[in-house]
Structures are given as C-alpha cells and as structure tokens.
Amino acid sequence: MSAPAPAPAEQSSRRLRFERIPMRRIILIVLSVSIIYGVVAGSTATLRTGVFTAEDWQSLFINGLARGSVYALIAIGYTLVYGILFMINFAHGEVFMAGVYTAYFVAVAFAGNGFLNSNPLLSIAILLLVSMAVSVFIAVLLERLAYRPLRGAPRLVPLITAIGASFFLQYTFRGFYGANVRAYPTIEILQGKWTIFGIQMLKTQAIVIVAALFLWFLLYLFVARTKTGRSMRAVGEDREIASLMGINVDRTIVATFAIGGALAGAAGILYVFLFNQVIFTMGFLPGIKAFTAAVLGGIGSITGAAMGGLILGILEAVGPNLFLTGAEVPSPNQLQPVIAFGILVLVLIFLPGGFLGASEEKRA
Amino acid sequence: MNLRSALKPGFVGGIVVVYLSAIGMVERFQDRNVITGLVGLGVVLMLVAFAITSYTAARKSDSSLLTGVAVGFISGAFVAIVTMGFEGLINAGLDVRGMFVSITPGLLETLEFGLNPVVGAFMMVVASTAVGAVSGVLVGLEYHLRSAVVFAIGITLLMSLGEPILRVTLGNLQIPTGWLYELGGLTIAGTIIVLALAFGLRWWWMSRADTRREAAAQMPEATRRTWGRASLMAAIVALVALPWIVGPFVSDVLGTVGLYVLLGLGLNIVVGYAGLLDLGYVAFFAVGAYAAAIFTSPASFLVTEEGQQFAEAGFTNLWVALPFVVIIAVVIGAAIGAPVLRLRGDYLAIVTLGFGEIIRTLVLSDWLSPYLGGAQGLTRVPAAPPSSFDLRNPQHIYYLILAFSLIAAYISYRLVDSRVGRAWAAMREDEDVAEAMGISVVRYKLLAFAMGAGVGSLGGVFFAAKIGSIFPNSFGLQVSINVLAVIILGGIGSIPGVIVGAAALVGLPELLREFGEFRLLIYGAILIAIMIFRPEGLLPNKRRQRELHEGQDLAAVDLTKEGPS
C-alpha cells in the first residue's frame, strides 16, 4: 500500500479551490470517538448496576481465556500459512472441523464399550491423535490439490479458491456424516471444578488453557530450533532465494500446512472439551475468529497469534456483558460475533500490522 | 503405453466415484430418471466420472484405446472392491451408517446395479471398462466426429435434465411430449431421436463452419453491427415472451435467476470492474429487503397505532419507497466502504465478510427486534399498486426484475469504456501506478462500492416484494457466495457471463431438486475448478483474460476458445 496521497490542492493553485474535505479521516474520528464513548459509557453503566459480582467477572474471564486458547491454536495455522504464502487459508476452519468431527466417531465407539471412562487419558490421547491426523491429511490435501496449482497467481485467485474449498469441505463432511448436531460423549474425569490460586474454574477450562500453552510452546521451539522451522522462515522471507539455498520449497510448504493442521486438530478436541458439540458448520465461526486473532496479533507472527487469540477470547466473553448490559441491550451474548468482527474491522482500520506483525507496507 | 501411467488416473476415477457415493450424491441423483427404465442420474454421474478420467488419461497417451480401457478397468475395480468391502462390513454387523450416513442399502443397490454383490461388482468393472474403451476410441476419432458425438451426448443429457421446463413449455405450445418424456426421464425412443438429431445438426453445422467464417469475414462492418443489434433485439423479445411460454412455475425460477442476474451485475461492478473482492455483498441485499419491508409493511414500527386501522397499508407503497431504499443502501455502502477501502485486497475481502455477518447478527438480535423483527422476521410486505400488476404473481414480477436487470446491464455496459470504467481498469491492474496517474483510488473504489450497494439493495427490494415476508436466515453468507460463484463461473467482469452464470448456478438447481443439498458443495467445487483451470470464466471479458494470463502466450489462450459461431 502507498502512503496517504499528498494533498493535490498544493500543486494546482491556478484557480481557487476549497481544500478537499478529508472524508475518510472524519469518518474515522467519528467512528473511534463513538466507539470509545460507547465502551466507556456502557461499562460504567454496567458496573454501576452491579448485576455481576466479582466472581462472575472472574468466571467470564476464565471462560474467555479458555476459548481464546482454542482460537490461538487455530490462529497459528493462519499465521504460518500467511507467513509463507501470503494467502489467507480461508478453509482452515474446515480443517479444524474435519478432525474433531471424525474423532467424534472414535469417541462414541470408546464410550460404547466403556473404554473412554476406564482409560480416560489413553482415550483422550487417541482422540487427539485421530483428530490431528485427519486435520493434517485434509490440510495437506488442500494444499496439494487446491493451492499448489495457483502459486504465483494474482492474490485474489487463491483466496477465492480457499473460499470455494471451505464450502466444498463443509458440505463434503455434511454428506459423509450427516447434517445433525452431535454431542460428544462425556469424559467423567473432566467433569467438575478445580480451585487454582483461589479462583474456581472448570477442569476442562484449566486443561484447555494449559494444553494450548504447552502446544504453543512446542511449536515455538519447533519453528525456532529445528531445520524445518528454519526453512519455513527462510521460505517466508524469500521463496526464490530459499530455493537457491537448497531448501525444498514444496516440502516446506507442505510441512507448514501439516503443522497448522495438527494444531487445528488438537484445537478441535480442546474445543469440544469446552463446547461439547460437533456439526459440519462448526469450523466457520472459530475459523473467522481465529483469523481475527491472527490479524490482531499481527499476521505472520506466532506469538502474535497466541496473544491475539487470548485477547479476542477475553473480549468476546467479557465484552458483551460489560459493554452492553449497562446500555440495556437484551441478551447481549447474541452479539458476540459483532464484537469479534467489530474488532477485526477496527484492527484492520487502525492497526493493520497488528500488535506484533510487520508493517503493512512491508507485506504489500 | 505402460500400465503405470494408467494406474494414477484409474485410482483417481475410482476415488472420485467412491467420494460421490459416500457424500450421498449417487443415491440421491439415482431417484431421477435419465432414460426411463434404463439409467438414472446417479449411474450417469458415475459413468461421466469414469469417462472424464479415462478420456484425459487417454489423450495424454500414445495408445489411447488401451489406456482408456486400462483406466476404466482400474477405476471400476476400485469402486467394486470398495463396494464389496462395505457390503462385508455391514454383513459383519458393523454400524457403517452410524458414521457414514450416506452408505445406505439403496446406495449399495445402485452400485451393484440391483444385482447380487458379486455379479454387481463384475458389472461395475464391465461398465467402467466399456466407458473407458469408448473414451479411448473417442480420443482416436477425427475432430469433427468426436465433437459431434460429445455434443449429441451432452444435448441428450440436457434434454433429459431439462424435462421439468421442456415438458411444461412444449405442453403450453400444444406440442405432444408423450413420445419424448416418461416419468421424468427420456423414453428410449426419444433418446435415440434426440441423439440422432443432435449428432446430425452438429455435423451439418461444423461441415459448414468454413463457409460461415468466410461469410462473416466478408460481411461489411455496418451489416455485422445490424445483425448484432437485431439478435440482441430478438433476445430481448424472447425474454419478454418467456414467462407466457413456460408457465408460472418456471417463471418463478426465472424470477429467481433474474434476481441473481441483478445481484451479479451489482457485484460485478465491485469485483469485476473495480477489482475489490466483496464477500459481504449480502449486507446490501439485506439492507434493501429490510428497508423495503420497513417502509411498506403494516407490521413495521413506522406505522403508528392509528395507522394500523387502515388495514393493509404500510408507511408508504413500494414505488415511493424504492428510491429511498436505494439511497439508504448507497449511503450505508459508502459509510462502510470509506474507512476500509484503503485496505489491501485480501484483507478487504475478510472485512466485508465481517460486515455481512455483523448485519446478519444485528438483524437476528433481540436488541433490534422491535425494529427488524428478530428471528421472526418482517412479514406482510404488501404488494404494490396497481393491483392489476401483481408482484406475487411470478409472471408479473419477472418483468420488473427483467426491466431493472436490463437497465443494470446497460449501465454496466456503458460504464466499461467510460472515464470511470477506465479508471477502474487502471486501478485494478496496478493501484500504485493508477494513483500516480492522478486517479483518486479511494474515490473510485468508493464509487464502485456504492454503486454495487445500490444495485444489491434493488435486488433486496424485489426479493422482499416477491416473497412477501423476510427472515434473517435468507441473508447468510451463502448468498454472497452464490453471487460470487455466479460471476466467477460466467467470467469476472463479463456481462453475458453473469447471465450464463446465474442461469447455470441458480436456474439449474432450482429445476433439479436433487441438487438442493449439494448446491454449496458444487459451488465450492466450481470456484476451485474455475480458479485453477480457467480463471477468466466461461464467457470471459477480454481485458480481464489478458490480465489473468499476463506473461503467458496469448495465442495459446485464444486457441482454446471456439471460433466465431
């Protein structure tokens, strides 16, 4: 992108001209002022009503942290792919869905013969493996069939393909597994609450947060230390030169998709710990939100994706209640998607590089 | 030929057929007769998949017949083995349907041609090998002959699939159809006649191709233009006469197609001309529909208590509301666009998608339900006066949609080479250079966005008028994707492309109820396939085509197109 255009009025001073009104700037200022006013006024009004106790806020916060961890893991898939190919893998949400949805049938089989609750840790490990394997498979297949033929095409071409792939995958799995919502069987050791540092939280929430942190750390080490990780960064920096340096670009790209898929598959299992349900459309919203998270943290940055995920999760859980209850908006949690998308729009307008990403100029 | 070159396409063919079966497409399509008493659409689908894989493989090989046979054999064997495998699993008492809901006894029966499993498997291999052999032979045929055969088969399929329209239409024209159609499919005699006729026509047409080309080349420019204009007029006359020929049901479908043509033309300005990928186009469609409903419905919040006593009248009537609705949409479009249009293409796409979802969430929310009706939607959108022109009558509203589509098409057509259109083209090809040449990029983007919004809202108004009540569920992301698929299939930036795209993607599925649940699957597949194999679409816009094939040999691109016809 170019810098803001210089004012043309200076150059053509031949005849008198009104200075052009900077519409865009005015709209932006009005927008930011009204949003800040709305957030502050809504929050103070909510806090004044005292509908929520400190414990409520705590549990909302933990809730946000947990779902934010899931977003963070999915967001890493977007960020890795974007960092290398500069394309938005719009179908990544479906990669996430494919894994958990397939693992569901394993879970049901395990629940049927009692294995799930007699060997809970082993069965969770198997579920994770199945989910990750399926997601990796789908991600790699997607790269091979849909994206690889389009390397070097104009930028919007792979994006349109990705959108097509997203719908194609959704309805493929609808065809395979049916259109119903299915509930994951309950795992007994995950029920109940723990009190950690004096804060009560659901066991599942604690596990999700810890597991996500652990996976994120593993990934960080992988990208920073291993040879594949280094070639991923090199390919992201300059594909041609990387290939001249003896890096197998195709294999590196496949590895990137596979890692993103594996994390999405793991995120899927964590997601059902929290939300318990699977359906073929389940990938869409988490996918978009994870993309928002990736943009929020600065697309291309792994730490940014994690941060963005957590921030988005918290804003989404706490935000509607905090900002909207005081404004007497009925059922504020219905408006959660508005918060997520609103953040996406605002970040892109005001901070297109995200918190930790490279500046917009460099990426373009 | 070595066998290994047949192995991969063979497996691909097999996997494709197994996939089509596992998502339920084969069984669902089998309900429909292609040739009554002989084959259903499900079997045809399988055979076409076999044919395409063996044909493409055979074309690459130097011994086409052998390759075709080998590929067909391998595909068929693969499918047969998988079928027997599932049969075995089910016999072993495994609950296959607990996971793959589409693997039903009905499907297995189709895959076994209604015979017992072993004979059925054998039949599958025989059928696929035969199809492979035919494909191999086709590759070896001389061009004219091959083209005529493929054309004849294609036309026969279309005639069969078009049964719902054609039978009604022919009936309206007092032409008997009993000899041609039976139970939703072609009769055997009808099939033979259609095949022969189509083959003969194509053969005759192609044998005269050279003379025709010469005549066209010799024709003076003025005559050619007259001919062009005359055929355009004829097309418009045909469009006007259409609803009375095809009857109310098909007119309803035509209305829907027209609606998508209108939406497509609007999105085409944004995506095709200005090069901005807008994934939230449904937002403007929703704005149009909701604004129209609020202005006209007696249930709207604009109508006061006293007003409601005046029976079915809303705040105002549709004709008065129309310009205001469009102005509202244009303003909203500009307001949404202004802050985000500086963003780079792919970010812009996601942001617009976000706007679409925000609007849908807001419409659904309890918060705005006093104004927008929430999940209950807005009902009782009244028909507009005069009562002799009934918007609920599919044949009437078709004309309204047709008129506005023609206007939109004309405006789009005039825009392309106008100052604005050239600015858009420059911007699309290189934003920085365009800006350096003195084009105010943001202003022109905003103009495109606002124009697209206006046309989209018109679509929404007619949608509301046509249906009579609107619900939030009609305004999901899939509408945006439908419209996008329409313009991409037809060719981004091409006006005839929009029409063809809408007819193929909206018209066909409406007529083939079997497509219903696979609609978005097919759209997704089309988006992928078009982007990979023919990004300029079926009826490309010349300039766009050059942009997409920059750096490639242009002559090679042009050769893939058909000659003038």
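Helices (H or I, at least four residues) and strands (E, at least two) are DSSP runs, numbered from the N terminus. Keep that in mind for the element names. This is a predicted model, where local features need pLDDT of at least 70, side-chain atom pairs count only at pLDDT 80 or more, and totals for chains, interfaces and linings use all residues. Residues are numbered from 1 along each chain as its sequence is written, chains are lettered from A in the order in which they are written, and side-chain values use heavy atoms, with hydrogens and water left out.

First, the interface. Chain B gives 51 residues to the contact and chain A gives 59; contact means heavy atoms within 4.5 Å. The two chains bury about 5100 Å² between them, 75% of it on carbon and sulfur atoms. Buried area is the accessible area (1.4 Å probe) lost on putting two parts together, summed over both.

How many salt bridges cross the interface of chain B and chain A? The rule finds one. A:Arg174 and B:Glu517 form this bridge with their side chains, at 3.8 Å, N to O. The rule asks for a side-chain nitrogen of Lys or Arg within 4 Å of a carboxyl oxygen of Asp or Glu.

On the side of chain B that touches chain A, elements giving two or more residues include α1 (4-22), α15 (318-340) and α24 (519-533). The largest share, 14 residues, comes from α16(B). By class, that side has 33 nonpolar, eight polar and ten charged residues. Here Ala, Val, Leu, Ile, Met, Phe, Trp, Tyr, Cys and Pro count as nonpolar, Asp, Glu, Lys and Arg as charged, and the others, Gly among them, as polar.

Next, the lining of the second largest pocket. Its largest share, 19 residues, comes from α12(B).
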